[in-house]
Amino acid sequence: MEKLLLKDFDIPSKNPSEEALNRWRSAVTIVKNRRRRFRGIADLVKRGLAKEKIQKIQEQLRILIVVQKAALILIEGGGVGKELSDEAREAGFKIHPNELASFVRSHNIKQLKSLGGVEGIASRINVSFDEGVKQTDIAIRQNVYGVNKYAEAPSKGFWTFVWDALHDITLIILMVCAVVSIGVGLATEGWPSGMYDGVGILLSIFLVVFVTAISDYRQSLQFKDLDKEKKNIIVQVTRDGYRQKVSIFDLVVGDVVHLSIGDQVPADGIFISGYSLLIDESSLSGESEPVNIDKTKPFLLGGTKVQDGSGKMLITTVGMRTEWGKLMETLSEGGEDETPLQVKLNGVATVIGKIGLGFAVLTFVVLLIRFLVTKAINGEFTQWSSSDALQLLNYFATAVTIIVVAVPEGLPLAVTLSLAFAMKKLMSERALVRHLAACETMGSATCICTDKTGTLTTNQMVVTKIWLCENEKEVKDDENQENISGNVAELLLQAIFQNTGSEIVKGKDGKESILGTPTESALLGYGLKMGGDFFAQRREISILKVEPFNSVKKTMSVLVALPNGSQRAYVKGASEIILKMCDKMVIGDGEVISMSNEQEMFVTDVINRFASEALRTLCLAYKDVNDDDINDGPIPDCEYTLIALVGIKDPVRPGVKDAVKSCLDAGISVRMVTGDNINTAKAIAKECGILTDGGLAIEGPDFRNKSPAELREIIPKIQVMARSLPLDKHMLVTNLRGMFREVVAVTGDGTNDAPALHESDIGLAMGIAGTEVAKENADVIILDDNFKTIVNVAKWGRAVYLNIQKFVQFQLTVNVVALVLNFASACITGSAPLTAVQLLWVNLIMDTLGALALATEPPHDGLMQRPPVGRGESFITKIMWRNILGQSAYQLIVLGLLTFDGKNILRLKGSDSTAILNTFIFNTFVFCQVFNEINSRDMEKINVFKGLFSSSVFLIVIAATVAFQAIIVEFLGTFASTVQLSWQLWLLSIIIGAIGLPISVVLKCIPVQNSSSPKHHDGYDLIPGEA
């Protein structure tokens, strides 16, 4: 039934089509407040206009780059100005920011040469490549050349949210009714009694508006903080002669920025130096072909990505003077895609709204017919007075208020509230959610494909073993060259110091530190431990060519010119791959011999032995080359001489084994996908609890050569994939999602992981080791690179889903009771027991306050002891219907008896008995909802008080609800149509409400699902609907 009613409200969690987005929008027919309901929803019209604007900017940029005429470049708001301010000249600057921006944007190499190249530009902006920008110059540079921030739409203030809340159509109608009521009341009853009903409605409306606005405003502030964090990129620069990490927002013109694979170019600038620097400009120009950057093509544009190589650049243009700045301004238009849960609850709200509208119309018609029949029976059909008009107005206001209560506008908004709360909490737990839907989808994850290095391990690597000159030895803390032949030691140090992507830098305290990847740093650290002099080596030997490491080749090569004039190539990387490139090896005191098959097998055994001890293995080799071997081509990849094999220890993170067990208990299978040796991967996987007795460990090349039939058979068993390429990870994810309908979360840190991150249901990028390309394609950034944090994201995802279910159960119960009670009472007695003011208060309890209480509950450990929610699972479950119908039946029976025979039951007599009864019914109804709110904290477990005192928001909402209910009844009776109640009636109201607790216990003992569930292909039990 749910699938039939909500067929138009089903969208995928990632990359929904425009047709699907338009379909559900068209299906939403009953909306009280369109501005509020669709505030967090993507504006497809704005998005379309922004897309056209982006295409126009990209086309202009392509033309400018091709034409390369600076005359065509006009900075918006004026031409290329060249008059510097006195402040700029005094600071030593000799070039205007507009002029600087113009020739960089147009790639005008002639103008660059006429200004003296990059060195001339550095002189004109008063900066040294070695020293970089001085910290004391930051402010003046920002004043003259601008800050590296992009124009953003101003954030909405509190009063904007008040104004939005006032656009509720039903509240506007009620305000009109209230004003008319005041007018008619003053005419018939005089001052001040004639004002009470109307003023009561107005006060209730403004209370609803302000509470709603406060809730929405706080949400907006949370999203603003998270959005700022998402855009923050850390950049490596040289300042005051030292390498430092700074925020992209703090970058200034003149900064010397260090770039490596996967980095985003943070602003426009000029190439200083580097090796094999390949830039992907597709995000800016739309061109898919990457561009080689060197001295002949030195221009770098902000927003582009480093696809390969490394280098240094001089920042020349920042902020809104860059094309990326203009694109960023445009990209922010249109908003983010809505989440599947938001869309589904829009559908639920629409269906319930239609039912509520029908009840409201029927209630008004019944009340009107009874009123007219009564007048006819009394012979007063032709006699109408202002009191009759006031009575009809009250009927109409009651009907409108039923619509206010019946249309659950807060359902889709509760998702946003819950997601905002979860995202803020996850941020404090070291996870940055980039896309709202990811937080929600992670709760349904059935599989996590995780990297090994840095995620399961600490990423604090150190060389602990080395095989050198046919000898294997442990590396001690006091390692030196004494036991190594001088020639071999020199060769080994050259291989380490020349062929590295790491650098040794001095900090402000004068201490040296290593900057680079953990593997590179471990090797470099070993070289320093041996007593090697990194800087002396670099001075004596010049680097001619570098082929950086990437996850496809799994090697890094460098070509150097030795002091004697000859050339030599060094290579290092995955041990099996390097070993296949070698046909010779170093032995004894540096003698080179041909490598026999037996020696190759022996080295392979050493590799496997190291790997089985959970060590990452790398081989280092060299080759003496001549000009004929190179000829401007790539560095050779064969006939190398093996120097050494090193084993690098990377300990498993504390708590990972428990986190993996928690995933398995929760029905989430964990697969390790790594580029490491299979024996290393298996050792780590066993230590983490990932590889079990029946599990399969496979290598990437074997996996990618399997047929579809073979894949269907082996994928459920795969627990470890070693020596994998990014293509293998993408293939695994695609098959898990397509062939097995898994909800897949994937971790990634490299540039080549982007396709797998994009293909997965939830892409998880590493915050420390991850490249900017990986982060941009991810849905969640794990800031501490820790697997435990991934499990926390899954736990919070489940909490979001469950919290929304709890809120829906609570709200639907209130809806059913309020609608049926008012309708039945109108039909039988001719009046509604709950007035407009009272219904508005009930609406506030069940909508904004209910969402705050139930949608922001923190997760508990029990969430990770149940299977995940499968694809296509009904949102409103049988368990929820059992609780809704059971609680509704109890409340309707009690409130119905009180409505129709309450005076006799309570033995009320006197002229005020009707007022006391109606107040008691209202009070009892509210307390039924208060205790039902407590019942809704757990839809299955009997103990609903567990963890109650750890949920401060819930306690505050319950306390505020009870306190304000007392104020309404005891002190605001004139406006709320209530009278003061005796303590006995107060106690009775609370007791009747509290009986809902044992009723809930009875209901939860009623089984609603089959005990025998089908099995998931990984072995755990499924909940119904996932099969």
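Is K729 buried or exposed? I looked this up first. K729 is buried, because its relative accessibility is 4%. My cut-offs are under 20% relative accessible area for buried, over 50% for exposed, and partly exposed in between (1.4 Å probe, protein chains only).

**Ground rules.** I am working on a predicted model, where local features need pLDDT of at least 70, side-chain atom pairs count only at pLDDT 80 or more, and totals for chains, interfaces and linings use all residues. Residues are numbered from 1 along each chain as its sequence is written, and side-chain values use heavy atoms, with hydrogens and water left out.

**Salt bridges.** I took a salt bridge as a side-chain nitrogen of Lys or Arg within 4 Å of a carboxyl oxygen of Asp or Glu. The structure holds 28 of them. I went through several.

I began with K729. Its side chain meets that of D753 in a salt bridge at 3.4 Å, N to O. The two come from distant parts of the chain, 24 residues apart: K729 is in helix 29, while D753 is in the loop between strand 24 (744-748) and helix 30 (754-759). Helices (H or I, at least four residues) and strands (E, at least two) are DSSP runs, numbered from the N terminus. I checked D753 too: it is buried, at 9% relative accessible area.

Next I looked at R704 and D728. Their side chains form a salt bridge at 2.7 Å, N to O. This pair also links distant parts of the chain, with R704 in helix 27 (residues 700-704) and D728 in helix 29 (residues 726-738), 24 residues apart. D728 is buried, at 0% relative accessibility. R704 is partly exposed, at 28%.

Then came D861 and K795, whose side chains meet in a salt bridge at 3.2 Å, N to O. What does this pair tie together? D861 lies in the loop between helix 33 (836-854) and helix 34 (878-906) and K795 lies in helix 32 (residues 787-828), so the bridge joins parts that are 66 residues apart in sequence. D861 is exposed, with a relative accessible area of 55%. K795 is buried, at 16%. I also noted a network: K465, E472, E474, R609 and E613 are joined by salt bridges that share partners.

**Cysteines.** I counted a disulfide as a pair of cysteine sulfur atoms within 2.5 Å. The count comes to zero. C449 is buried, at 0% relative accessibility. For C638, the closest cysteine sulfur is in C582, 10 Å away and too far for a bond. C638 is partly exposed, at 37%.

**Surface patches.** I used residues with over 30% relative accessible area and no salt bridge, joining like charges within 9 Å and nonpolar side chains (Val, Leu, Ile, Met, Phe, Trp, Tyr) within 5 Å. Areas come from the Shrake-Rupley method with a 1.4 Å probe; for residues, only the protein chains shown count as cover.

A nonpolar surface patch is formed by L357, V361, V365, I369, V373 and I377, which together have about 510 Å² of accessible area. I369 is in helix 15 (residues 340-377). I369 is partly exposed, at 48% relative accessibility.
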